[in-house]
Amino acid sequence: SLHDALPIWGALLALALYLAIALMDYYPSDPSLTVASGAGVKNIAGAVGAYIASPILQFLGLAGGILPILAFAVWGWKLLLKTPTTLLWMRLSTLLFGLIPASALLHVIHPESSLMFAQGWGGYIGVFTASRMVALMGTATFVCGALAVLVGALYIALGLTLAEWQQVGLKLAETYYRINE
């Protein structure tokens with residue numbers, strides 16, 4: 001029942017929100033598993049947030065934040081609408097797999113390092129994957145293939161029906177046209 005699902009829905013949305021806060025308030029100097037620092041934690045999500053944000057952003061780049069936040073929010077929303085996501089382990093595994101092409105694509109889009117992203121937007125995995133795949137098949141072929149794999153992974157991982165994907169597409173198009181009027 002909906003009443004029974006509310007704690008799970010709330011936990012998924014809270015997890016998505018906490019992850020978003022931890023990643024948005026990431027400080028490269030915060031102590032974590034990948035950074036030895038005697039400085040105090042600046043991340044408003046606390047030490048746990050710093051310990052989560054640092055390896056995610058360093059290894060997976062922006063994809064490590066965007067895709068899990070999206071998945072937790074969609075799964076929580078579906079639970080609220082009484083259409084819970086089935087086969088959750090398969091969807092979670094597919095989501096983890098989808099992080100690889102997403103990180104690589106983000107590296108191709110923005111490979112330059114910055115204060116926040118030492119390895120560009122794709123993190124170490126994006127650098128590693130993109131550099132080898134682009135050398136093997138060229139940029140255009142790699143981008144097309146990686147996009148196809150990512151779209152397929154998101155289709156499976158999010159658990160949305162074709163009709164729900166169509167609704168998402170229509171809402172995105174509608175929003176785009178409103179913004180650009």
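Figure 1. From the N terminus on, the order of elements reads α-α-α-α-α-α-α. Helices (H or I, at least four residues) and strands (E, at least two) are DSSP runs, numbered from the N terminus. Keep in mind that this is a predicted model: local features need pLDDT of at least 70, side-chain atom pairs count only at pLDDT 80 or more, and totals for chains, interfaces and linings use all residues. Residues are numbered from 1 along each chain as its sequence is written, and side-chain values use heavy atoms, with hydrogens and water left out. The C-alpha trace spans about 50 × 45 × 40 Å along its principal axes. Of the 181 residues, 36% are buried, where buried means under 20% relative accessible area, exposed over 50%, and partly exposed in between (1.4 Å probe, protein chains only). Take the contacts with a separation of 6 or more, and 62% of them come from residues 24 or more positions apart; contact here means heavy atoms within 4.5 Å.

**Figure 2. Inside the largest nonpolar core, a set of 31 residues.** A nonpolar core is a set of buried Ala, Val, Leu, Ile, Met, Phe, Trp, Tyr and Cys residues joined through side-chain atoms within 4.5 Å. L23, L67, F72, W75, L95, L150 and L158 have the most contacts inside this core. Helices α1 (2–24), α2 (46–60), α3, α4 (88–109) and α6 (139–158) each put in at least two residues. The largest share, 7 residues, belongs to α3. In soluble globular proteins, nonpolar side chains tend to be buried together. Zoom in on L67 and you'll find it touching L95, G98, L99, A102, L150 and L154, if you skip residues up to four places away in sequence.

**Figure 3. The largest pocket, holding about 220 Å³ of space.** What counts as a pocket? On a 1 Å grid over the protein atoms alone, a pocket is an open set of points where a 1.4 Å probe fits, with protein on both sides within 12 Å along at least five of seven lines; lining residues have an atom within 4 Å of a point. Grid points are joined across faces, edges and corners, and the volume is the space filled by probe spheres set on the points. The lining is made up of A73, V74, W77, K78, L81, T83, L160, E164, Q167, V168 and K171. Two helices, α3 (63–80) and α7 (162–179), each supply at least two of the lining residues. By type, the lining splits into 6 nonpolar, 2 polar and 3 charged residues.

**Figure 4. Two of the 4 aromatic pairs in the structure.** F59 and Y124 make a tilted pair, 5.4 Å centre to centre with 55 degrees between the planes. This pair links distant parts of the chain: F59 sits in helix α2 and Y124 in helix α5 (residues 123–137), 65 residues apart. F59 counts as partly exposed because its relative accessibility is 37%, and Y124 is partly exposed at 37% too. Y176 and Y177 form an edge-to-face pair, 5.4 Å centre to centre with 75 degrees between the planes. Y177 is exposed, at a relative accessible area of 56%. Rings of Phe, Tyr and Trp (its six-membered ring) pair if their centres lie within 6.5 Å; planes under 30 degrees apart are stacked, over 60 edge-to-face, and the rest tilted.

**Figure 5. H107, a residue in helix α4.** Is H107 buried or exposed? H107 counts as buried because its relative accessibility is 14%. Setting aside neighbours within four places in sequence, H107 is in contact with Q119, G122, G126, V127 and A130.

**Figure 6. I21, a residue in helix α1.** I21 is partly exposed, with a relative accessible area of 29%. Beyond its neighbours within four places in sequence, I21 is in contact with N43, I44 and A45.

**Figure 7. L87, in the loop between α3 and α4.** L87 isn't a glycine, yet has a positive phi of about 50 degrees. Most residues other than glycine have a negative phi. L87 is exposed, with a relative accessible area of 56%.

Note on methods:
Nonpolar A, V, L, I, M, F, W, Y, C, P; charged D, E, K, R; others polar.
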